[in-house]
Each structure stands twice: as C-alpha cells, then as structure tokens.
Amino acid sequence: QQDLYRILKAYTIYRPDEGYCQAQAPVAAVLLMHMPAEQAFWCLVQICDKYLPGYYSAGLEAIQLDGEIFFALLRRASPLAHRHLRRQRIDPVLYMTEWFMCIFARTLPWASVLRVWDMFFCEGVKIIFRVALVLLRHTLGSVEKLRSCQGMYETMEQLRNLPQQCMQEDFLVHEVTTLPVTEALIERENTAQLKKWRETRGELQYRPSRRLHGSRAIHEERRRQQPPLGPSSSLLSLPGLKSRGSRAAGGAPSPPPPARRASVGPAPGPVVTAEGLHPSLPSPTGNSTPLGSSKETRKQEKERQKQEKERERERQKQEKERERQEKERQKREREQEKEQQKQEKERQKQEKKAQGRKLSLRRKADGPPAPQDGGDRSSASEARQDAY
C-alpha cells in the first residue's frame with residue numbers, strides 16, 4: 001500500500017497537468033505485483049503517455065471519444081447489441097469507462113486479466129476494444145439474451161454481471177484474437193468521431209499525444225526520434241560522453257584529438273586512439289553494427305526489410321480473412337434473425353387462425369336464436385342437433 005501511494009503521488013508530481021485519477025490505482029496495483037515500485041512507476045508513465053494518452057486527464061475527453069469509437073465499432077461487430085443499447089439510450093461511458101481506464105483489472109478473472117495485459121502491451125489499445133466488443137457481443141448479441149433485458153435497468157444489471165463463460169481465459173483469448181478490429185480501423189473511426197465531436201461540441205480542451213499501438217510501434221517511434229549511429233561514429237566521440245569524462249577527470253572538456261598520432265603516448269583526454277587508425281574506420285564501441293563491408297550491411301538491411309514486408313503482407317492477409325469470416329458470421333446472424341422473425345409471424349398467424357376456428361365452432365354449437373312459435377321451435381331443435 002505504501003508503494004502504491006508513492007507511485008500515485010509521484011505521478012501527480014511528474015504530470016501536474018493531469019494529476020491523480022482513481023482509475024490509475026488498479027493499473028498501478030497490477031504493475032506492483034510484477035515489479036519493484038520504481039519500475040512500476042515508469043511503466044505507468046509509459047501506459048499513460050504512449051498506450052492510453054489523455055485517459056486520466058481532467059474532463060476525461062479521451063475516454064469519451066474512445067467511447068464513441070467503440071460504439072461505432074459495435075455496430076459492425078454486433079448489430080443487435082448496438083441497436084438495443086441505442087434504443088435504451090445507454091451511452092458507452094456508462095459501462096465501458098471502468099473497462100478501458102482500468103484495463104479490465106476490476107472486471108475479468110485474474111488469469112484473464114494477465115492474458116489481456118500481455119496482448120495489450122504487445123499490440124496496444126486495440127486489444128481493449130476487442131475485449132469489450134467480445135463481452136458485449138456475448139452478453140447482448142442474441143434475441144434470447146435480449147429477452148431478459150427489456151429496460152435500461154435490466155440491461156445495466158446484465159452489463160454489471162457479465163456471463164462467466166465469456167470471461168474465461170481460453171474462450172476470451174480465442175475470441176479476441178479472431179475479432180477483425182485493426183489499428184487502421186480504429187484510427188479511421190477516430191478521425192470520423194473527432195470530426196463529429198468538433199462539429200457538435202467544439203475543440204477538445206485536452207490534446208493528448210499520438211497514440212502508439214503496442215511495443216513495436218513504440219520501439220519504431222523511438223528509433224525515428226533517436227536514429228542509430230552510423231558505421232563511422234563512436235560513442236567515445238559523442239559530446240555528452242566527452243564532457244562527462246572531463247568532469248569525472250576534474251578538468252575542462254578537452255579538444256578533439258588529431259586524426260593520427262605519431263607515438264603511442266597517453267592521451268590528454270578520455271578519448272584514446274591507437275597508432276595508425278584512420279578516423280573513418282568503424283569503432284568497436286560505436287554500436288552493434290558489424291565490422292564487415294558496407295555492401296554486406298546493406299544487403300542484410302534489405303533482407304531484413306524484405307522479411308518485414310512479407311510479415312506485414314501475411315498479417316494483412318490474415319486480417320482480411322478475419323474480416324471476411326466476421327462478415328459471413330454477421331450475415332448468418334442476420335439470416336437467423338430474419339428466420340426467427342418469420343417463424344414468429346407464422347406462429348402468430350396460426351394462433352389467430354386457430355382462435356378463429358374455435359370461435360366459429362362455438363357459434364355453431366350455440367345455434368340460432370330461439371323461435372317465437374311452435375313450428376319454428378322444432379326446426380331450431382333439428383338445426384341444433386345437426387350442429388352437434
């Protein structure tokens with residue numbers, strides 16, 4: 001508890017513009033179960049800055065915008081659930097705020113929470129969207145399940161008490177990995193909903209940084225901001241290390257050494273160059289670039305880029321296949337729904353016909369009204385006997 005307090009207090013000092021949000025406590029608590037307090041703090045910073053920017057800021061505008069994105073995606077994933085929630089006028093923020101802001105730490109069983117967090121760190125916020133869509137689809141996505149949710153109160157109770165079967169680890173992970181919700185789809189919906197937000201509510205008060213989808217995107221963003229050193233660079237020649245070495249030696253920064261040195265004497269500064277080395281040669285301390293020829297390096301780089309492109313094409317192919325399967329599943333669900341409605345109408349029609357036949361038989365059994373004279377009386381009794 002003391003470590004949790006220290007982490008949350010440190011974040012309010014590190015990000016005074018955002019301050020403290022209650023939803024950060026479950027996230028920090030899960031991190032504390034797996035790492036020391038300092039590492040948990042920096043991991044929380046990474047989640048708030050890279051994975052879920054703006055989620056914990058004042059006004060919660062980012063989570064409201066993602067709620068509109070989620071509702072638009074729900075129309076694709078489960079039209080029945082989307083139609084029911086819209087009919088009951090249940091806004092997404094009423095049920096998905098705790099899911100998204102706590103990353104399901106207070107919703108799912110512990111084993112499922114760990115699996116969801118593994119996928120979330122690898123692939124980013126699309127995992128949270130997928131999990132929420134799976135939960136809603138298996139809670140409100142069929143006619144049978146909607147029969148017990150006739151009003152807003154019953155629907156909210158159902159969302160607070162999700163079915164245990166859909167939250168189990170194996171079932172949930174399989175459904176999440178097969179749901180065709182990609183980063184491109186989320187970003188496209190984000191652009192559309194942001195435009196709609198500006199038209200109806202004006203500009204956002206808080207403008208978070210660009211959302212990065214997973215560890216790979218964060219790594220590539222870091223590489224773009226801090227490109228790797230070239231083959232002729234040396235870490236020992238960087239200005240920061242020069243000044244650091246000079247400060248450690250207790251003197252002023254030393255001037256750069258000459259390109260060649262006539263003798264192997266002690267260097268005046270922290271940079272040491274052996275006799276006969278040309279400055280354009282790669283330094284063993286520069287980076288992990290191999291000391292081979294530049295042609296071989298370029299060849300390896302091209303091969304690596306080719307493999308990455310092949311993996312990307314394969315991933316896009318799989319995504320398209322998932323989208324196709326999802327469309328087929330939705331089509332089958334619509335057909336089943338139409339068939340059920342048709343059967344229901346046919347059943348009601350048959351019931352009406354049966355009621356009509358019963359009514360006609362009852363009228364025949366009762367017979368015509370009683371006659372006034374005796375002659376008519378005998379004919380009426382005969383008609384009644386015929387009717388029986």
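Select helix 8 and helix 10 and look at how one passes over the other: their crossing is right-handed, a term used when the near helix is turned clockwise from the far one by less than a right angle, anticlockwise being left-handed. Helices here are DSSP runs of H or I with at least four residues, and strands are runs of E with at least two, numbered from the N terminus. Keep in mind that this is a predicted model, in which local features need pLDDT of at least 70 and side-chain atom pairs count only at pLDDT 80 or more, while totals for chains, interfaces and linings use all residues. Residues are numbered from 1 along each chain as its sequence is written, and side-chain values use heavy atoms, with hydrogens and water left out.

Helix 8 covers residues 126-140 and helix 10 covers residues 152-160, and their axes come within 10 Å and cross at roughly 125°. The axes are lines fitted to C-alpha atoms over the stretch in contact, with angles running from 0 to 180 degrees between N-to-C directions. Helix 8 is therefore oblique to helix 10, since angles under 35 degrees count as roughly parallel, over 145 as roughly antiparallel, 65 to 115 as roughly perpendicular and the rest as oblique.

Next, show the side chains of Leu-136, Thr-139 and Leu-140 on helix 8, together with Thr-155, Gln-158 and Leu-159 on helix 10, which make the contact, meaning heavy atoms within 4.5 Å.

Now move to Tyr-56, in the loop between helix 3 (37-51) and helix 4 (61-77). Is Tyr-56 buried or exposed? With a relative accessible area of 2%, Tyr-56 is buried, where buried means under 20%, exposed over 50% and partly exposed in between, using a 1.4 Å probe and protein chains only. Leaving aside neighbours within four places in sequence, select the residues in contact with Tyr-56, among them Glu-18, Cys-21, Val-27 and Met-101. The C-alpha atom of Tyr-20, 36 residues away along the chain, is separated from that of Tyr-56 by 7.7 Å.

Beyond its neighbours within four places in sequence, Glu-123 is in contact with Arg-130, Glu-183, His-213 and Gly-214. The C-alpha atoms of Glu-123 and Ala-217 are separated by 8.6 Å, although these residues are 94 apart along the chain.

Finally, zoom out to the whole protein, which has 17 helices and zero strands, and in which buried residues make up 34% of the 388 residues.
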